[in-house]
Amino acid sequence: MKRIFDIVLSLIGLLVLSPIIIIIAILIYLKLGTPIFFKQDRPGLKGNLFRMYKFRTMLDKIDSSGTSLPDEDRLTKFGKLLRSTSLDELPELFNVLKGEMSIVGPRPLLKSYLPLYNDRQKRRHDVKPGITGWAQINGRNAISWNEKFELDVWYVENHNLLLDIKVILMTIKKVIIRDGINADGQATMSAFKGNEFSDDQ
């Protein structure tokens, strides 16, 4: 049922939102240049890697040594708008249609985090990653990594179709009020450095 639910919603989403997707792509080209899409390999079900697609939100600014500047220096006002409204996530509907992601599930994080998880945190990969999830409606980027992982595992242990519908409805509300977009003092969520350096300790 979950797979059918994902296929139906992703198809409807792509059809209904196609004008918005086209307009955003044009605006990114005009404001940020190319590439229009941000593509990156992320861990999915069982930790297997897949190519995730998002709309690009940052400039390719580097310092004199060729190192990328901090996120806050590369994230434009237009990019912040895309992130705060979650419009940058729309291309992930293609990942859902391909079966690599689900509409609801733990967010796909960086592959460099895989060896940093403890055994309980690894359980977030027992289901497909999602465009939105239980952690996203319960704090998003404004909560600590440990809190986020606990919410992810809770979802893995309790997920069902009714819970997914609740998450989707709550996500719409969160996006409208733009709640929990950033961690305190951060343009984006700070990097996870492992449990030894947890922000809860």
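Which residues of helix 6 are buried? In this predicted model, they are Leu163, Asp164, Val167, Thr171 and Lys174. Viewed down the axis of helix 6, these buried residues fall within an arc of 95 degrees, so they line one face of the helix. The spacing can be read against a general rule. An α-helix has 3.6 residues a turn, so residues three or four places apart point the same way. On the other side of helix 6, the exposed residues are Leu162, Leu169, Ile176 and Ile177.

The length of helix 6 can be checked as well. The helix runs over residues 161–177, which is 17 residues. At 1.5 Å a residue it should span 24 Å, and its end C-alpha atoms are 25 Å apart, which agrees. At the start of the helix, the backbone nitrogen of Leu162 has a side-chain oxygen of Asn160 within 3.1 Å.

What do the buried residues of helix 6 pack against? Their partners are helix 1 (2–31), strand 3 (102–104), strand 4 (130–132) and helix 5 (145–158).

Helix 3 covers residues 77–84, and its buried residues are Phe78, Gly79, Leu82 and Ser84. A polar atom of the Thr76 side chain lies 3.0 Å from the backbone nitrogen of Gly79. Helix 3 is followed by Ser86, which has a positive phi, near 65 degrees.

Is Thr76 buried or exposed? Its relative accessible area is 18%, and a residue counts as buried under 20%, so Thr76 is buried. Leaving aside neighbours within four places in sequence, Thr76 is in contact with Leu32, Thr57 and Leu59.

Thr34 belongs to another setting, the loop between helix 1 and strand 1 (37–43). Its relative accessible area is 54%, and the cut-off for exposed is over 50%, so Thr34 is exposed. Thr34 still has contacts: not counting residues up to four places away in sequence, it touches Tyr29 and Arg56. Thr34 and Arg56 are 22 residues apart in sequence, while their C-alpha atoms are 8.7 Å apart in space.

Conventions:
Residues are numbered from 1 along each chain as its sequence is written. This is a predicted model: local features need pLDDT of at least 70, side-chain atom pairs count only at pLDDT 80 or more; totals for chains, interfaces and linings use all residues. Side-chain values use heavy atoms; hydrogens and water are left out. Helices (H or I, at least four residues) and strands (E, at least two) are DSSP runs, numbered from the N terminus. The expected span of a helix is 1.5 Å times one less than its number of residues. Buried means under 20% relative accessible area, exposed over 50%, partly exposed in between (1.4 Å probe, protein chains only). The arc is that of the directions from the helix axis to the C-beta atoms. Contact means heavy atoms within 4.5 Å. A polar contact is a pair of N or O atoms within 3.5 Å; within protein, one must be able to donate a hydrogen and the other to accept it, and residues adjacent in sequence count only if both atoms are side-chain atoms.
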